[in-house]
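Student: I would like to learn how to read a few features in a structure. Can we go through them one at a time?

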Amino acid sequence: MIIKKKSRQVSPLKTINGFTTAVVISLLMVAMPSPAQTLELKGESRQGGLLVGKVLPGTQVELSGRSVRVSDEGTFVIGLNRDAPAEIELVTRSADGELETHKVAIAAREYNIQRVEGVPQRTVNPPEEALKRIREESAMVKKARQLDDNRLDFGRGFRWPIEGSITGVYGSQRFYNGEPKSPHYGIDIAAPKGAPVVAPAAGVVTLVHKDMYYSGGTLIIDHGHGVSSTFIHLSESLVAVGQRVEAGEVVAKVGSTGRSTGPHLDWRMNWFEVRIDPQLVIDAFPEK
């Protein structure tokens with residue numbers, strides 16, 4: 001059971017060296033047998049953002065009751081989903097057992113919502129015979145995004161996996177005949193079929209699939225601490241599961257497979273099951 005010893009509001013947000021950073025919390029103890037607790041957060045404190053934190057080595061971190069991996073150096077990372085609440089709670093436990101509760105303000109976003117009427121129902125939902133396949137493929141993707149190891153590949157920042165015009169953005173959503181469909185969780189980048197796709201950061205390949213029902217050719221690369229990149233609608237993947245890749249290494253080719261209307265790259269990012277916005281990530285953490 002966590003006892004809330006003291007709360008501090010991590011607000012307002014400030015921009016330092018191009019990063020949106022939560023104010024550093026430093027808590028001084030009356031008796032000083034051990035160092036003061038310190039929590040630093042760097043990144044976009046907005047829905048869809050990624051926050052990289054720093055605590056003293058040996059400190060444990062929980063996000064709303066969920067244990068978060070902390071590296072030996074005190075680095076951790078958390079993702080904020082599309083509909084994250086206005087405030088999240090981080091609890092830190094120092095090496096000597098001191099608990100602190102930190103509340104972090106999360107900025108809301110407005111998303112592009114489209115409503116389309118008169119669409120034939122057979123094109124709105126998949127046929128019954130495809131449901132088993134869809135469930136099996138969803139389970140594969142979920143498993144591939146659960147890797148939780150101590151690599152800090154994400155800490156070196158991110159580059160664009162391909163150059164091109166942005167044709168689809170994170171968080172947008174369509175309603176067909178009044179029925180809400182799943183939001184779009186990636187960035188669509190226009191590119192010709194066969195164009196090379198590079199790894200946006202170093203990592204380990206956790207999934208390669210030639211033809212999933214919705215996403216077609218699918219590739220997932222894990223960047224450590226649960227942060228991963230997913231590329232879909234590929235014409236070809238050039239790597240294998242378990243392979244380590246470096247930032248800028250060619251890993252796949254653009255295609256129009258699965259439920260796609262034309263060649264493009266759909267780049268998605270996750271923190272475990274939490275879907276984050278690649279645009280916010282690459283803006284806050286450009287490649288070093």
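Student: Is R82 buried or exposed?

Tutor: Keep in mind that this is a predicted model. R82 counts as buried, because its relative accessibility is 8% and the cut-off for buried is under 20%.

Student: Which residue forms a salt bridge with R82?

Tutor: The general idea comes before the case. Side chains of opposite charge can pair when their charged atoms come close. Here the partner of R82 is D83, with 3.2 Å between the closest N and O atoms. D83 counts as exposed, at 53% relative accessibility.

Student: How many salt bridges are there in total?

Tutor: The count comes to 17. Take D222 and R151 as another case: their side chains meet at 2.4 Å, N to O. That pair links distant parts of the chain, 71 residues apart. D222 lies in strand β18, residues 216-222. R151 sits in the loop between α2 (131-144) and β12 (166-168). Both D222 and R151 are buried.

Student: What about R244 and E246?

Tutor: Their side chains also meet in a salt bridge, at 3.2 Å from N to O. R244 is partly exposed, with a relative accessible area of 36%. E246 is partly exposed as well, with a relative accessible area of 36%. Now widen the view. Salt bridges that share partners join D149, R151, D153, R156, D222, R244 and E246 into one network.

Student: Let us turn to helices. Which residues of α2 are buried?

Tutor: Start with the geometry. An α-helix has 3.6 residues a turn, so residues three or four places apart point the same way. In α2, the buried residues are I134, E137, V141 and A144. Seen down the axis of α2, the buried residues fall within an arc of 90 degrees, so they line one face of the helix.

Student: What covers the buried residues of α2?

Tutor: The cover includes β17 (203-212) and β18. Recall that β18 also holds D222. On the other side of α2, K132, R135, K142 and K143 are exposed.

Student: Now strands. How many bridges join β9 to β10?

Tutor: The general point concerns faces. In a regular strand the side chains alternate between the two faces of the sheet. As for the pairing, 7 bridges join β9 (residues 87-93) to β10, and the two run antiparallel. T92 stands opposite E100 in β10. Strand β10 (residues 99-105) is mostly covered, with 6 of its 7 residues buried.

Student: Which residue in the hairpin of β9 and β10 takes a positive phi?

Tutor: Look in the turn. The hairpin has 5 residues between its strands, and G97 takes a positive phi near 95 degrees.

Student: Which residue has a positive phi although it is not a glycine?

Tutor: H225 is one, with a phi of about 55 degrees. H225 is in the loop between β18 and β19 (227-234). At 2% relative accessibility, H225 counts as buried. F272 is another non-glycine with a positive phi of about 55 degrees.

Student: Where is F272?

Tutor: F272 is in the loop between β23 (264-271) and β24 (274-276). F272 is buried, with a relative accessible area of 7%.

Conventions. Residues numbered from 1 in each chain as written. Predicted model: local features only at pLDDT ≥ 70, side-chain atom pairs only at ≥ 80, totals over all residues. Heavy atoms only, no water. Buried < 20%, exposed > 50% of the residue type's maximum accessible area, 1.4 Å probe, protein only. Helix = DSSP H or I, 4+ residues; strand = E, 2+ residues; numbered from the N terminus. Pairing = 2+ DSSP bridges. Salt bridge = Lys/Arg side-chain N within 4 Å of Asp/Glu carboxyl O. Arc of directions from axis to C-beta. Contact = heavy atoms within 4.5 Å.
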